Amino acid sequence: MQYKSEDIGQRIPLCIPEIRGNEWDYVKSCLDSGWVSSVGSSVDRFEQVVAEYVGREYAVATVNGTSALHISLLINGVGQGDEVLVPTLTFIATVNAISYTGAVPVFIDSEPDYWQMDPGKVEQFLKEECHLSGGLLKNKTTGRNVKAILPVDLLGHPCDMDSIVNLGSTFGLSVIEDAAESLGARYKSKKVGSQGDVACLSFNGNKIITTGGGGMILTDNEQFASQAKYLTTQAKDHPVEYIHNAIGFNYRLTNLQAAMGVAQMECLDEFVAKKRQIADVYETAFKKLDYLTTMPTQASMEPTYWLYTVLLPDGTSVADRTDIITRLGALGIETRPLWHMIHGLPPYQECQSFKIRHAVNLYERAISLPSSVGLTINDQQKCIDSFIQICTDVIG
Ligand SMILES: *Cc1c(COP(=O)(O)O)cnc(C)c1O
């Protein structure tokens with residue numbers, strides 16, 4: 001079958017913001033008031049609304065999700081020469097944040113049934129590869145101290161936080177949850193981001209709600225919250241004098257952006273409902289095709305389907321997967337692969353990875369499909385038809 005560029009109507013993007021209206025009012029109020037920068041009532045309001053929604057005592061807004069992760073690691077005492085367990089299948093920001101502190105990642109595999117960090121392998125690593133020495137957990141291979149576990153809720157799906165939090169307390173490790181992709185999802189009727197020592201969110205343009213760019217640190221620990229606020233605002237120690245007893249960062253979200261965030265939060269439940277509806281339509285269409293594996297769920301986990309993702313047949317080559325993405329792109333349908341496993345990328349090739357098997361398989365087979373909240377049923381049908389047709393042509 002030939003696809004001609006003349007057939008292309010409107011481009012169908014992967015995942016774009018949904019801006020319904022109150023953003024204009026709230027941002028305008030900021031402009032009218034002159035409070036546009038890193039202090040203001042919208043920042044406070046946004047923090048309060050998100051903390052309440054997720055079910056956390058404290059929230060500290062940040063300039064983006066990456067900085068939220070960086071500060072979260074610092075306030076948990078992760079630093080030079082420490083190690084942090086992290087899934088190899090995640091966006092690079094998760095792992096880079098570890099490097100910013102001078103710590104080193106140890107890469108963990110994905111669970112094959114629901115694609116998230118495998119707590120079984122975390123446990124195996126901690127039991128078999130580490131030992132207690134002077135009250136600290138040491139990696140037997142590298143001799144470094146293991147300090148934290150950094151699980152990620154990928155693609156709007158919760159990871160198994162109960163197991164990970166248990167391992168954290170058994171082995172004396174901090175648990176920092178990267179919930180950047182999964183605001184609104186539930187795990188055993190708790191909101192994603194409500195467990196562990198700290199959780200981080202992102203409000204980048206392609207996330208379920210956006211402030212253009214932004215992030216949030218969530219915790220129930222008052223000390224952590226004040227430490228996070230301190231470090232994100234240049235670590236100023238005196239109300240008048242410019243005394244700084246630590247090296248801080250300029251990581252605060254602006255009031256303008258927070259105003260947009262407050263408006264977006266008002267729509268979050270609606271956005272989640274729409275994402276689930278989109279997932280249902282894809283699910284129904286693809287279930288009939290036995291060669292595709294659709295996005296899995298587990299009982300007691302309620303994903304948001306941030307990016308609806310399917311797996312091509314086992315054994316599909318990366319070249320064929322890329323070909324499908326390119327052909328869809330030529331039709332104006334934007335899709336994308338999952339992130340390259342990070343343990344295979346140049347900055348991280350020397351780091352330890354533990355029995356990675358399933359993450360590679362997921363990386364090779366996965367394609368994420370258009371999932372914008374504003375996706376119309378007609379456009380979605382076009383995505384489904386084109387995807388099935390192109391799959392038949394390429395791998396049929
Ligand atoms: C988006 C994202 C981040 C980073 O957020 P930014 O706001 O873009 O800095 C971190 N981790 C994951 C898993 C993400 O998807």
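Student: Why is glutamine 234 called partly exposed?

Tutor: This is a predicted model, and in it glutamine 234 has a relative accessibility of 40%. Buried means under 20% and exposed means over 50%, with partly exposed in between, so glutamine 234, at 40%, counts as partly exposed. The residue lies in the loop between helix H7 (222-232) and helix H8 (255-287).

Student: What makes the phi of glutamine 234 worth a remark?

Tutor: Its phi is near 70°, a positive value in a residue other than glycine. Most residues other than glycine have a negative phi. Serine 189 also calls for a remark, with a positive phi of about 60° although it is not a glycine.

Student: Why is serine 189 called exposed?

Tutor: Serine 189 has a relative accessibility of 58%, and the label exposed requires a value over 50%, so serine 189 counts as exposed. Its place is in the loop between strand E8 (186-187) and strand E9 (190-191).

Student: What makes proline 313 partly exposed, and where does it lie?

Tutor: The relative accessible area of proline 313 is 24%, and because buried means under 20% while exposed means over 50%, the value falls in between and the residue is partly exposed. Proline 313 lies in the loop between strand E13 (309-311) and helix H9 (318-330). From C-alpha to C-alpha, proline 313 and alanine 103 are 37 Å apart in space, and they are 210 residues apart in sequence.

Student: How do you know that methionine 161 is buried or exposed?

Tutor: Methionine 161 has a relative accessible area of 1%, and since that is under the 20% cut-off, the residue is buried. Methionine 161 is found in helix H6 (residues 161-171), and its C-alpha atom is separated by 8.5 Å from that of glutamate 177, which is 16 residues apart from it along the chain.

Student: Why is glutamine 264 called buried, and what polar atom does its side chain meet?

Tutor: Glutamine 264, in helix H8, has a relative accessible area of 1%, which is under 20%, so the residue is buried. A polar atom of its side chain lies 2.8 Å from the backbone nitrogen of threonine 210, and this distance is within the 3.5 Å limit for a polar contact.

Student: What makes up the shell around the ligand, and where does the ligand sit?

Tutor: The ligand sits in the largest pocket. The elements giving two or more residues to its shell are helix H3 (65-75) and helix H4 (92-100), and H3 supplies the largest share, three residues. In all, 16 residues surround the ligand, the closest being Thr66, Asp178, Glu181, Ser202 and Lys207, and the shell divides into five nonpolar, eight polar and three charged residues.

How values were computed
Residues are numbered from 1 along each chain as its sequence is written. This is a predicted model: local features need pLDDT of at least 70, side-chain atom pairs count only at pLDDT 80 or more; totals for chains, interfaces and linings use all residues. Side-chain values use heavy atoms; hydrogens and water are left out. A residue is near a molecule or strand if one of its heavy atoms lies within 4 Å of it. On a 1 Å grid over the protein atoms alone, a cavity is a set of points where a 1.4 Å probe fits but cannot get out, and a pocket is an open set with protein on both sides within 12 Å along at least five of seven lines; lining residues have an atom within 4 Å of a point. A molecule sits in a cavity or pocket if more than half of its atoms lie within 2 Å of its grid points. Helices (H or I, at least four residues) and strands (E, at least two) are DSSP runs, numbered from the N terminus. Ala, Val, Leu, Ile, Met, Phe, Trp, Tyr, Cys and Pro count as nonpolar, Asp, Glu, Lys and Arg as charged, and the others, Gly among them, as polar. Buried means under 20% relative accessible area, exposed over 50%, partly exposed in between (1.4 Å probe, protein chains only). A polar contact is a pair of N or O atoms within 3.5 Å; within protein, one must be able to donate a hydrogen and the other to accept it, and residues adjacent in sequence count only if both atoms are side-chain atoms.
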